[in-house]
Amino acid sequence: NVILKLYEGVGSTLIKVVKKGMLQTLRGKIGGLLVKPSLKETMKSFDINLYPHGKPVLADVNQKSLNDCNAVSVLANMAFLYPDFIRSIIHQESPDSFRVDMFDPEGNPIVVCVNNKFPVNKNGYPVFCVGKDNQPNWISILEKAAMKWVYAYQHMNWGSCTGLNGCNSEMITPLFTGDGRSFSIQPGRLSGEELARIINTCLEHGMMVNGGFLEADIPLDAH
């Protein structure tokens, strides 16, 4: 379970607090996929409609082959709570070129540029996060920008499509907000009552909360 804070005034806070942890955690997880040589043969250009529903919505976020559910769940959470923030950091330069406002590991504003090309599987479907009908949108652009950020700052070797281990939720937020005060609570560290108290307190103070399950098929509310 992860508790994150999103500030709309994002430029002032440095993210040195999590710099080392972020770089170590992200290393080898998602960055190398962006330019893995074997993927160059399966890159496909798409006509991208950033906001098919008029604004960023949860329905735009559909995870595919990449094991980065924590990362895309945070971006989906941002879109649900702060759709205008998502719109403010993505700039379409042309049909095939996009700029994303991000922050470097020291909290300095940077611009990450990505194009409209995405790796696809043998059937021609994207392996990135996409919207309905397998069409890339704003979530695809942000996911790709995050991978490019990791690759640029890690100088890592090429990654592996099948060896990705995901990316911790609290490590993704500072890339787009410049605020490094996001944090996580690891599974099993708190009781259900303690966790509920923390979550409710954070929500009362305007904090963004993101969580998940370690087990599948857990019934909720008798369903």
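Visitor: What should I know about the model and its numbering?

Guide: The model is predicted, with local features needing pLDDT of at least 70, side-chain atom pairs counting only at pLDDT 80 or more, and totals for chains, interfaces and linings using all residues. Residues are numbered from 1 along each chain as its sequence is written, and side-chain values use heavy atoms, leaving out hydrogens and water.

Visitor: Which strands form the open sheet, and in what order?

Guide: Strands of a sheet pair through backbone hydrogen bonds, either parallel or antiparallel. Here, 3 strands form an open sheet in the order β3-β4-β5, and the pairing is antiparallel. The edge strands are β3 and β5, each pairing on one side only. On average, neighbouring strands are turned by 30 degrees against each other, direction ignored. Strands are DSSP runs (E, at least two residues), numbered from the N terminus. Axes are lines fitted to C-alpha atoms, and angles run from 0 to 180 degrees between N-to-C directions.

Visitor: How many bridges join β3 to β4?

Guide: Two strands pair if DSSP finds at least two bridges between them. Strand β3 (residues 90–94) is joined to β4 (residues 97–103) by 4 bridges. I90 partners V100. Q92 partners F98.

Visitor: What joins β4 to β5?

Guide: β4 and β5 (residues 109–115) pair in the antiparallel sense over 7 bridges. F103 has P109 as its bridge partner in β5. Their hairpin has 5 residues between the strands. In this hairpin, G107 takes a positive phi near 85 degrees.
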